[in-house]
Amino acid sequence: MSLNSPNRIPEKYGLQIAAGLIVFFLIMRIIGLGHMTELRLLNLLILTAGIYLALKKFKQTHATRLNYFRGLITGVATGGVASLLFGFFLFVYMKLDAGLMKTIVENEPMGRYLNPYIVAFIVVLEGFFSGLTVTFVILNWVATDEVSAPVDSDEADLESTPGGR
């Protein structure tokens, strides 16, 4: 099964989001802006764009229909894949660049209690919940199917039969 399959949308777009986050992180480190925590808000823009595109692709591949709950699962899974990959990258990066971990320990209020494992875990949690929030906002902004709409014609047939409902 290739990444172009409609069932692999979270993996495909999660990979693309993670790549965007990694490239952005590396660019900020190279130009010396890696210490500016405010730039992390741009990570949210990358995540938002990726989840929006994943939901758009889901709608295109499912007869232009976007069921709210299937969209919620797709968006959260996309954010989860991206967060796991980015967290793993940061873990490896912090193991290779001890200076980054030293900076975090020295400059963060709870820094002395942190290590690469905890930092990577926090990044994954933050990314997962950001993905959940972004998906929730996007799904309430874009047009989705009615939650109470019947999934198939069997529901309509049940209502028309005597003793159905």
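## Helix 2: length and faces

Helix 2 covers residues 41-61, 21 residues in total. At 1.5 Å a residue it should span 30 Å, and its end C-alpha atoms lie 31 Å apart, which agrees. The expected span is 1.5 Å times one less than the number of residues. Helices here are DSSP runs of H or I with at least four residues, and strands are runs of E with at least two, numbered from the N terminus.

The model is predicted: local features need pLDDT of at least 70, side-chain atom pairs count only at pLDDT 80 or more, and totals for chains, interfaces and linings use all residues. Residues are numbered from 1 along each chain as its sequence is written, and side-chain values use heavy atoms, leaving out hydrogens and water.

Which residues of helix 2 are buried? They are Asn 43, Leu 47, Gly 50, Ile 51, Ala 54, Leu 55 and Phe 58. Seen down the helix axis, these buried residues fall within an arc of 135 degrees, so they line one face of helix 2. The arc is taken from the directions from the helix axis to the C-beta atoms. Buried means under 20% relative accessible area, exposed over 50%, and partly exposed in between (1.4 Å probe, protein chains only).

The buried residues pack against helix 1 (9-30), helix 3 (68-96) and helix 5 (116-141). Contact means heavy atoms within 4.5 Å. The face turned away from the buried side carries the exposed residues Leu 41, Leu 45 and Gln 60. Ala 63 follows helix 2 and has a positive phi, near 55 degrees.

## The whole chain

The chain has six helices and zero strands. Of its 165 residues, 31% count as buried. Among contacts with a separation of 6 or more, 69% join residues 24 or more positions apart.

## Salt bridges

The whole structure holds four salt bridges. A salt bridge is a side-chain nitrogen of Lys or Arg within 4 Å of a carboxyl oxygen of Asp or Glu.

One pairs Asp 97 with Arg 29 (2.8 Å, N to O). Asp 97 lies in the loop between helix 3 and helix 4 (98-107) and Arg 29 in helix 1, so the pair ties together parts 68 residues apart in sequence. Another joins Arg 40 and Glu 126 (2.3 Å, N to O). Here Arg 40 sits in the loop between helix 1 and helix 2, and Glu 126 in helix 5, 86 residues apart. Arg 40 is partly exposed at 43% relative accessibility.
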